Structure formats: structure tokens, C-alpha cells
Amino acid sequence: MPRPMTMTEQIFARHSGRSEVSPGDNVWVDVDVLMTHDVCGPGTIGIFKKEFGADAKVWDPTRIPIIPDHYIFTADGKCHRNVQILRDFVKEQGLPYYYDPDFLDTDEGSGFPNPYRDPTRTSYKGVCHKALPEEGHCRPGEILLGTDSHTCTAGAFGQFASGVGNTDAAFVMGTGKTWLKTPPTMKFTFHGEIPPYLTAKDLILAVIGQIGVAGATYRAMYFAGEGIGSLTLEDRMTLTNMAIEAGGKNGICDVDQKTLDYVRARSNRPEWEVVVEDEGAEYIYEHAWDLGLMEPMIAKPHSPDNKDLARNLSDVKLDRAYIGSCTGGKITDMVMAANILDGEEVAIPTYVVPGSTEVHQNMLTLGLDGEPCRHDDRTPIAGRESVKTVYEALEGAGCNMGAASCAACLGGPVDTFGRLNEPMNCISTTNRNFPGRMGHKDAGVYLASPLTAAASALRGVITDPRGCVTTPILTGSAGVI
């Protein structure tokens, strides 16, 4: 009889044709999906052509989504060149899942692109980690690899998802297989119901602060307990997204009805199989939290494990707030921030960047309760004419509103929206705060939840959001289907 296995071990066993695997086992696995983007795609393509031949074909065109997202809104010619390399490869290979920034002219000297006018009328999708589930590429029980360290985001859907380098990606691109070592699993259990003043960002900052940025190196991070079940599916994506900030090989959550409803509505493949943690599965580390005892968290410069409580940092003066990224640019993040900022005025420059064009459209059509108040063409829904949209609340508070992209999360060229081009303190919903991560090497980035970032934007100092949130913020159908 096979040994009791964790979710990650079960996925490895099924994808390697084995009845069981144990931590440390090296196995050949069949990969379900390989993703790449404009930063690493050209390098991966170059290695693929070098090793498999100039005329080689990818192993399965339907399993290779290519999602430009990082350096889109810039006049930088090298960034434009990267997008053109993707366009040429997609045409050559006949790849059906390419999400082109069709507004971008890649001719030399073409300058800064005019962004899409309507988020529903472009093939461009925005941040790859948000677009992957939206476009149906994430399914329970599968293996998804990507040339981006935050590919682990997709583990929220009960699958093994991890970032790989260009060379490994090129091999997968040609064969559909790769060689992986089975990671041991760490179990993080959260008891209780998520309080209205906390989000998953507070939870993952607590985890990383507990074990350190190397504490989960080449380990699976399993997030469990009724507290995880109380999170929205999008908030679970925040947990798994930042597994890599602790060195994790992957993050993973149980599959429940929220997961199944989302995937069934969007998956571009009808067949997939849910895995469930076996009773008696072994863990290399376990820790539990009571959500009722947790407080809003901050990661101070210059490391995601440099944790502190928001209430301890009320004397930290801020120069900027940033709400966006694959970690904090989902529609539920925007709903939370908008509820804090509605009817108020920000005290510091505050930049808002949707994680995807779908999020952007949702911001234009959903009210502060997460339910539709505008039709897709943005005309009012009968009976909801006076309801303010998420976008209107944020813009009305004085936020600088950007187009969907990674924007300043990875710094980027100096003309990147929201980039920290000078030494300054910024509170941000992004995932990393290393020196230079968002631009200037001397800038100080304080990682926080969208609630804490929004509350802090109102006062210009780090602010515990409990003074702004006393009842649960409803997210309704936002981020559901």
C-alpha cells in the first residue's frame, strides 16, 4: 500500500507514473503547462532553438501560454524588441494562447505606447500570474511551470506550480517533461475566521517573518485550516504567490467549492483530477496560528522577513503608496482599498495598478460591495445607478490610476508608472522590498496589505487599518466567476 502522501507528493507521483514518491526522490514528470513572458521568453526561445534546432517545433502548442506583462508601458527599445521576439515565435509555432499588447508598436524609436482604451477590447491581459487562472490555464492536480519565480501563485488552485530558469523551460518547451526533486512539505495551519482588518498578505508576512526568507528553501508550503477556507480564492493566491519569498519550491492550498466553481467556469481543458492531502502525511515542519489573535503586519526594508506590527510603525513617514502587482492588484484587493479610500483624499501620491485587464474592467463595473453596478459597456444597472464603482472611489480619492501591468513592482525602465526614481519611503502591496526592487536602490519599501496601504495613504504615515475597518468588507462576486 502506498505511503500517505502530501498533495505535492501525490502530484509528483501521478505525473511520473509512480505509485508513490518520497521527499528527495528525483523523478521525470510530465508537465501540463509551461508559461513564459517578455522578460524571460526571448532567452528561453534562444536556448530552445540552439538545442533543438532552428526549425524545431514545441512539444504541444496548446500548453504554452505566452503572456507579455513586465515591461510594456515604456519607451525602452530593448523592451519593445523582446515583445517582437515573442510575436515572431508565436507566429512561427502557431501558439494559440498568446496575449499580445496589440497597442504596442515595436518599430525602433516608436516611443511610449498609447495604452489600450478599453480593457475589454485588447488581447493583452496584464500580469501573467493573474491572467493564467483567468484564461483557464490553472487546474487542480496539474503541474504548471513558468519562467518567473512567482509562478507559485497558481498553487492556490491545488496544483504544483513553480518557477524555472530559461534552460529548464527550453527543455520543457521541446519535450513536455522535466526532472524534479520531490520537496518535503511544511504545513502552516490557520484556525478561525479571517477578521475584517486582515488579509492573506498579513498571514504570509507572519509566516515569512516566522521562518525567514530561506526557511522554506526547496520545500512545499501547504496552507491549511478553516482559516484558509474563509479566505477568498484570490486572497489564497496572495499566500501561494509569496511562498518564494521564503525560498519555497511551491505553495499549495486545498481544493474546495470556491476553487471548483472558478476552474469549471474557466478551464480550457475538461479533464483534471483533484488531489487531497492523505491522512498521516508527514511534514518536515508545522506551525499554527489563531486568526483572532493576529494583527496587521508590515515587512520593513529591505527584506520580506523583516516583520513588525503596523501599530508599532506609526512614526514612519511615507512619501508614496502603491497598490498593485500579482500580490496586491487583484479585484478583491482593489475592493478592499476602495472601501478605505471612498470619500476621502490621499495625503501622499498613491499609485493604483490593476493586475490584469479583467481586473481593470471589474474596477469599472463593480461597486464597493463587489457586485455589478454597471453593465460591461459601463452604463448603469437599473436600481444601482447611484452606486459608486471601485474605480470611481479610488480616482475620487486622488489616486493615480494606471493600466494593467507589472509596472513598478520590478522597477523597470525609468519611465515606468509608479517607479521609485528617488530615495523615498513607499508602502506597497507588492511582494519584494529588496534594495532597488521598485527602482532607486536607496528607496525604502514597506510591504503591507491593501487595507494597510490604503489606510496609510490617507495619513501619510504607516497606519494600522483597524481604525478604518470595523465591519467586514464585502467582496461579493468580485474575483469569483
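Start by selecting Glu92, which is partly exposed, with a relative accessible area of 34%. This is a predicted model.

The side chains of Glu92 and Lys49 meet in a salt bridge, 2.8 Å from N to O.

Go next to Arg3 and Glu9. Their side chains form a salt bridge at 3.1 Å, N to O. Are these two residues buried or exposed? Both Arg3 and Glu9 are buried.

Select Glu142 and Arg139. Here the closest N and O atoms of the salt bridge are 2.9 Å apart. Glu142 and Arg139 are both buried.

Then pick Glu295, Arg311, Asp464 and Arg466 together. Salt bridges link these four residues in a network. The structure as a whole holds 26 salt bridges.

Last stop: the helices. Show H6 (residues 200–211) and H8 (residues 233–241). Their axes come within 8 Å and cross at roughly 20°. Angles under 35 degrees count as roughly parallel, so H6 is roughly parallel to H8. The crossing of H6 and H8 is right-handed.

Colour the contact by class: four residues are nonpolar, one is polar and two are charged.

How values were computed
Residues numbered from 1 in each chain as written. Predicted model: local features only at pLDDT ≥ 70, side-chain atom pairs only at ≥ 80, totals over all residues. Heavy atoms only, no water. Axes fitted to C-alpha atoms, helices over the stretch in contact; angles between N-to-C directions. Helix = DSSP H or I, 4+ residues; strand = E, 2+ residues; numbered from the N terminus. Parallel < 35°, antiparallel > 145°, perpendicular 65-115°, else oblique. Left-handed = near helix turned anticlockwise from the far one by under 90°. Nonpolar A, V, L, I, M, F, W, Y, C, P; charged D, E, K, R; others polar. Buried < 20%, exposed > 50% of the residue type's maximum accessible area, 1.4 Å probe, protein only.
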